Amino acid sequence: MSQASQRSQSDLASAIGARVTIRLREASGGFRDIVGVLQRFGAGDGELINSKGEALTFSESEIAIWREVKALPDRAGTGAPYSLRINELEALSDTTWPADEINEIGKWRLRISDGFTMRANSVLPTGAAPYGEPGLEIRRAVEEVTEIYKRHGLTPTFTIPLPVYEDLDRYLDQQGWEVKVGAEFLVNDIPAEIAATSSEFEIINSDSPSQEWLEIQSDFALERIMRNYPATYTEIKSQGKTIARGRIATKGTWSLATRVFVSPEFRGRGIGNLLMRAMMSEARSGGATKIGLQVDVENGAALALYKAMGFRFHHPYTYRVLNNAGAK
């Protein structure tokens, strides 16, 4: 083995966490290339995760040459393997809309609150496919979930990011769990310069929801959960009346928009666009360069608005519920 080759392979250990392409020698005399995020390298072998979320292992003796793949600009919904990006966005949602209580079954997060929102009252799998690593046989893990949620007087519910946990989704379907909501996770980049001004409407940003902000959709029951994480609450007013509002929370370079609403009588006048630009401007000033939001697949008007603003589909998810659980 040449000194240059030895040096190259030794340097590979310094690239852990980076995206690399490695050319491997095959026993037949040919070569094959693997590309992904390097997870480990040492003691004669290594592992990377490719864009499909698959773990690929290789031995040190197979390496012919390697190089680091220089990162492209940090655009929303690109870069890391798809499965890791999905988990990053679901963690963003989980963190910025925190449940009152978290129980854990392996790498399943059982979020328990007061029953008013499915996000804060559902199981989020966070481990590896196919089932998210509950640490128990799948049948027993689901039984424990059912028992815990029943004990709290809540409907047993799973949040299932797809396609990562499609096997879990299929299993629950076979066990009689029904799809309550199907939704899309959309993402977008926040421009460095984004204007949100209006000569007709007043824009108000606050670090807490006003009485009017809460009243427009009777969100008083959600106030405690929303206050569990710092956020900006944006209102659009017309002649002193709140006609649109939304919440945006930031974590690192990501922000998440929630509770976006425009009064029906003011729709079709560009107010939704103005509201989103105001929220994105606030997020940008807080250090975010990317934004995500979640939309019910049946909300065609909202999907059309966001996609017209440049939002891109990232992944779907579903809420599955056990309707015969006797919950409130």
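These questions and answers walk through a predicted model of one protein chain.

Residues are numbered from 1 along each chain as its sequence is written. In this predicted model, local features need pLDDT of at least 70 and side-chain atom pairs count only at pLDDT 80 or more, while totals for chains, interfaces and linings use all residues; side-chain values use heavy atoms, leaving out hydrogens and water.

Q: What is the mean pLDDT of the protein chain?
A: pLDDT is the predictor's confidence in each residue, from 0 to 100. In this chain, 95% of the residues reach 70 or more. The mean is 91.

Q: How many helices and strands does the protein chain have?
A: Both are DSSP runs numbered from the N terminus: helices are H or I with at least four residues, strands are E with at least two. The C-alpha trace that carries them spans about 80 × 50 × 30 Å along its principal axes. The count is eight helices and 16 strands.

Q: What percentage of the 328 residues count as buried?
A: Buried means under 20% relative accessible area, exposed over 50%, and partly exposed in between, with a 1.4 Å probe and protein chains only. Among contacts between residues at least 6 apart in sequence, 67% join residues at least 24 apart. The buried share is 45%.

Q: Which residues of helix H8 are buried?
A: H8 runs over residues 300-308. Its buried residues are Ala 302, Leu 303 and Tyr 306. They cover an arc of only 100° around the axis, taken from the directions to the C-beta atoms, which puts them on the same side of H8: Ala 302, Leu 303 and Tyr 306.

Q: Which exposed residues does the face of H8 turned away from its buried side carry?
A: The buried side has its own cover, which includes strand S10 (178-189), S14, helix H7 (271-285) and strand S15 (290-296). Just after H8, Gly 310 takes a positive phi of about 100°. The face turned away carries Ala 301 and Ala 308.

Q: At what angle do H3 and H4 pack?
A: Two packed helices are described by the angle between their axes and the distance between the axes. Axes are lines fitted to C-alpha atoms, for helices over the stretch in contact, and angles run from 0 to 180 degrees between N-to-C directions. For H3 and H4 the axes are 12 Å apart. The angle is about 70°.

Q: Why do H3 and H4 count as roughly perpendicular?
A: Angles under 35 degrees count as roughly parallel, over 145 as roughly antiparallel, 65 to 115 as roughly perpendicular and the rest as oblique. H3 and H4 pack at about 70°. They are therefore roughly perpendicular to each other.

Q: Which residues in H4 do Ile 138, Arg 139 and Val 142 in H3 meet?
A: The residues of this H3 contact with H4 divide into five nonpolar, no polar and one charged. Here Ala, Val, Leu, Ile, Met, Phe, Trp, Tyr, Cys and Pro count as nonpolar, Asp, Glu, Lys and Arg as charged, and the others, Gly among them, as polar. The partners in H4 are Leu 168, Tyr 171 and Leu 172.

Q: Which residue does a cis peptide bond join to Ala 129?
A: Omega of this bond is about 10°.

Q: What is omega for the cis peptide bond from Leu 162 to Pro 163?
A: Pro 163 is found in the loop between strand S9 (157-161) and helix H4 (166-174). Omega of the bond is near 5°.

Q: Is Ser 218 buried or exposed?
A: Ser 218 lies in the loop between helix H5 (211-215) and H6. It has a positive phi of about 55° although it is not a glycine. Its relative accessibility is 57%, so it counts as exposed.

Q: In which strand does Arg 259 lie?
A: Phi of Arg 259 is near 50°, a positive value in a residue other than glycine. Arg 259 is partly exposed, with a relative accessible area of 28%. The strand is S14 (residues 254-262).

Note on methods: Contact = heavy atoms within 4.5 Å.
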